[in-house]
Amino acid sequence: MGYALISALLYAFYPPLAKLLIHSVPVAILSSLLYLGTGLGTLLIYPVVHHAAHTKNGLKHADIPALVAVIGFNIVASIMMNLALKLSDAGTVSLLGNFEIVATSVLALLFFHEHISHGLGLGIAVITIASMLLSSTGVTHFSLSIGAILAIFATACWGLENNLTRVLSDRDPLQVVIVKGMGVGIGSLIVSLFLHENWPTVGTIIAALVLGFFAYGISIVFYILSQRYIGAAKTSAYYAVSPFLAVILSFFILGERPTALFGVALVLMIIGTVLVTKE
């Protein structure tokens, strides 16, 4: 349980700290730095963690198409999520991260004909309603929040990526993290060149790399270790607290204050997440 909660806490630092960085780092460059920090950092600790986690089955040439697809969807998703953070509150974006559950489940049903139980379906419905509330800018007059919509599209891309990653599920997860981190980092860097983005200061670059290393890289390492000791299902259940930890951190670090609509959505998200993780 401890490994899973540490993993959840480390990732929870991403929304509020990325929100701080986004004011001085363009969105594509931030995506590049976060993932390069993940890939390079995991590569450095790979020998130790590889031995501790007893990982096997390295990547093969046949995995290249799946890796390219995974990297491509991650480039799109990460840039959109960083843009969402620029346009919306970190707390809102954090909660909308739960929509990834909906996207992953629905796509698994459509493309892989996986069964969705009544409990899981109810949880998905509740999370969807909460996401719709978070996407609205008010109750008296309905209008869409562009930042929230971008966050939902980003989680949909990650949901599709989750289903693609299933073909890599028996490969060494640390190798997948390293290749994905480097691939997304370099790909996002190419996008930033096309967008003519300006580079931040050296100190800001280092901060983004460190954030990526801990919030993405080390978080995934603890997630893998947790799966080894308590299994995938329990790890996923404990990790589900991450968006809610991110909301709390956003309140403390950024001074964000929830609206009444946010409060309703938060309660619904908690209910939906409990239903999903229970299944």
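This is a predicted model: local features need pLDDT of at least 70, side-chain atom pairs count only at pLDDT 80 or more; totals for chains, interfaces and linings use all residues.
User: Nice. Which residues make that contact?

Analyst: H1 brings Leu10, Tyr11 and Ala12, while H2 brings Tyr14, Pro15 and Pro16. By class, the residues of the H1 and H2 contact are six nonpolar, no polar and no charged.

User: And how does H2 pack with H4, at what angle and how far apart?

Analyst: Helix H2 (residues 14-21) packs on helix H4 (residues 64-87) at an angle of about 75°, and their axes are 9 Å apart. Since 65 to 115 degrees counts as roughly perpendicular, H2 and H4 are therefore roughly perpendicular to each other.

User: Who's touching whom there?

Analyst: On the H2 side you have Tyr14, Pro15, Ala18 and Lys19; on the H4 side, Met81, Asn82, Leu85 and Lys86. That contact of H2 with H4 divides into five nonpolar, one polar and two charged residues.

User: Switching topic: which residues form the nonpolar patch on the surface?

Analyst: Leu20, Ile248, Phe252 and Ile253 form it, and together they have about 410 Å² of accessible area.

User: Which helix gives the most to it?

Analyst: That would be helix H12 (residues 242-254), with three residues. Phe252, for one, lies in helix H12.

User: While we're on H12, how does its axis run against H13?

Analyst: The axes of H12 and helix H13 (residues 260-278) cross at roughly 155° and come within 11 Å. Over 145 degrees counts as roughly antiparallel, so that is the label for H12 and H13.

User: What's in the contact?

Analyst: Phe244, Val247 and Phe251 from H12 meet Phe262, Leu266, Met269, Ile270 and Thr273 from H13. The residues of this H12 and H13 contact are seven nonpolar, one polar and no charged.

User: Where do the two partners sit?

Analyst: Glu161 is in helix H8 (residues 146-165) and Lys180 is in helix H9 (residues 173-194). The pair links distant parts of the chain, 19 residues apart.

Terms used
Residues are numbered from 1 along each chain as its sequence is written. Side-chain values use heavy atoms; hydrogens and water are left out. Axes are lines fitted to C-alpha atoms, for helices over the stretch in contact, and angles run from 0 to 180 degrees between N-to-C directions. Helices (H or I, at least four residues) and strands (E, at least two) are DSSP runs, numbered from the N terminus. Angles under 35 degrees count as roughly parallel, over 145 as roughly antiparallel, 65 to 115 as roughly perpendicular and the rest as oblique. Contact means heavy atoms within 4.5 Å. Ala, Val, Leu, Ile, Met, Phe, Trp, Tyr, Cys and Pro count as nonpolar, Asp, Glu, Lys and Arg as charged, and the others, Gly among them, as polar. Patches are made of residues with over 30% relative accessible area and no salt bridge: like charges are joined within 9 Å, nonpolar side chains (Val, Leu, Ile, Met, Phe, Trp, Tyr) within 5 Å. Accessible areas come from the Shrake-Rupley method with a 1.4 Å probe; for residues, only the protein chains shown count as cover. A salt bridge is a side-chain nitrogen of Lys or Arg within 4 Å of a carboxyl oxygen of Asp or Glu.
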